[in-house]
Amino acid sequence: MRVFKSPIKVQKRLRNLAHQNLTIGFVPTMGFLHQGHISLIKEARKKADIIVVSIFVNKKQFGINEDFDKYPMDIERDKKLLEKEDVDILFVPSSEDIYPETFLTEIKVSQISDFLCGEKRPGHFNGVALIVTKLFNIVDPDYVFFGQKDYQQCLLIKRLMLDLNYRAEMIICPIIREENGLAMSSRNSYLSTEEKEDAAKIYYTLKTISDRITKNTIAFNEIDPFFKSEMKKINAKTDYFAMVSLDSLNAITKFENTFIIAVAVFFGKTRLIDNIIIDRN
Ligand code: AMP
């Protein structure tokens with residue numbers, strides 16, 4: 001695995017490989033890797049000749065009172081995991097490499113940025129859109145891999161890729177969970193063992209709702225209060241609970257054939273997200 005810090009050098013290397021007709025699969029991350037990230041890399045391995053992973057904790061997607069300063073990091077451990085997966089190139093730029101003092105550009109994907117995590121974390125998706133644009137321009141991938149766990153992010157990036165004529169194919173990979181059902185996340189490291197057990201209740205409740213929808217044993221307007229009351233039982237605060245259409249993220253007002261339930265929940269200061277796709281077909 002070759003490790004690059006300089007955007008110019010990694011870009012040069014990747015252009016060189018592309019000229020040799022090798023396809024490039026790209027997995028952008030913020031590091032502190034877990035099996036969720038690894039699953040994207042394994043997918044990339046199936047599709048592309050060259051696997052590029054980036055690790056960059058993007059300050060511009062964090063709000064002022066969020067966890068940028070304490071976001072978990074362990075580059076040496078990450079490198080070992082990536083080497084085990086036969087990753088070809090690791091790109092780990094510094095903040096100055098990505099956002100030099102002279103930096104002025106902003107990117108905004110309208111509408112999709114306005115609800116759910118976008119509403120709760122103002123500016124978050126502008127930061128995501130900006131870093132993704134920059135990384136895509138540096139890497140120029142044939143395939144890009146993102147996790148369904150960040151479903152709104154997937155939709156936003158899909159829109160951005162279409163609007164800005166990126167040629168890459170986007171592959172959305174399923175949510176990887178702990179044995180108890182908790183969606184894997186670098187932020188789970190903020191939780192105590194006990195909190196991790198409690199946090200498993202998020203997915204358990206989503207799964208219960210999904211099963212009850214399938215069996216027709218829950219009314220549409222019972223679902224939101226049910227979720228919130230289940231979260232209260234474990235002292236977690238629901239940041240949002242949303243039942244939305246899969247492609248527009250508009251709220252649905254009755255059961256549709258397919259939709260997604262997306263949630264964000266606070267355990268103390270730790271904010272976790274999860275979702276489940278409901279398919280009644
Ligand atoms: P992050 O490092 O949190 O920015 O995540 C990098 C990529 O990994 C994003 O595309 C995430 O959606 C994806 N990802 C994070 N957690 C999971 C998970 N539990 N299962 C699958 N993909 C994930």
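## The cavity

The residues lining the largest cavity split into 6 nonpolar, 2 polar and 2 charged. In this count Ala, Val, Leu, Ile, Met, Phe, Trp, Tyr, Cys and Pro are nonpolar, Asp, Glu, Lys and Arg are charged, and the others, Gly among them, are polar. You're looking at a predicted model, where local features need pLDDT of at least 70, side-chain atom pairs count only at pLDDT 80 or more, and totals for chains, interfaces and linings use all residues. Residues are numbered from 1 along each chain as its sequence is written, and side-chain values use heavy atoms, with hydrogens and water left out.

A search of the whole structure turns up 1 cavity of 30 Å³ or more. On a 1 Å grid over the protein atoms alone, a cavity is a set of points where a 1.4 Å probe fits but cannot get out, and lining residues have an atom within 4 Å of a point. The volume of the largest cavity is about 50 Å³, counted as the space filled by probe spheres set on the points, with grid points joined across faces, edges and corners. Its lining includes K149, L182, N188 and D274. Two elements, α8 (193–214) and β9 (270–279), each give two or more residues to that lining, and β9 gives the most, with 3 residues. Helices (H or I, at least four residues) and strands (E, at least two) are DSSP runs, numbered from the N terminus.

## Around the ligand

Which residues come nearest to the ligand? Out of 15 around it, they are M30, H37, D150, I176 and M184; being near takes a heavy atom within 4 Å. By class, this shell has 8 nonpolar, 5 polar and 2 charged residues. Its largest share, 3 residues, comes from α2.

Now for the oxygen atoms of the ligand. A polar side-chain atom of D150 sits 2.6 Å from one, a polar side-chain atom of H37 lies 2.8 Å from one, and a backbone N or O atom of M30 is 2.9 Å from one. The ligand taken alone exposes 490 Å², and the protein buries 93% of that (Shrake-Rupley areas with a 1.4 Å probe).

Of its 13 lining residues, I55, F56, V57, M73 and P93 are the closest to its centre. A pocket is an open set of points with protein on both sides within 12 Å along at least five of seven lines. This lining has 10 nonpolar, 1 polar and 2 charged residues.

## Salt bridges

The count comes to 20 salt bridges, each a side-chain nitrogen of Lys or Arg within 4 Å of a carboxyl oxygen of Asp or Glu. In one of them E66 pairs with R121, with the closest N and O atoms 2.6 Å apart. E66 is in the loop between β3 (50–55) and α3 (75–84), and R121 is in the loop between α5 (117–120) and α6 (124–139), so the pair ties together parts 55 residues apart in sequence.

Key:
Polar contact = N/O pair within 3.5 Å; in protein donor to acceptor, adjacent residues only side chain to side chain.
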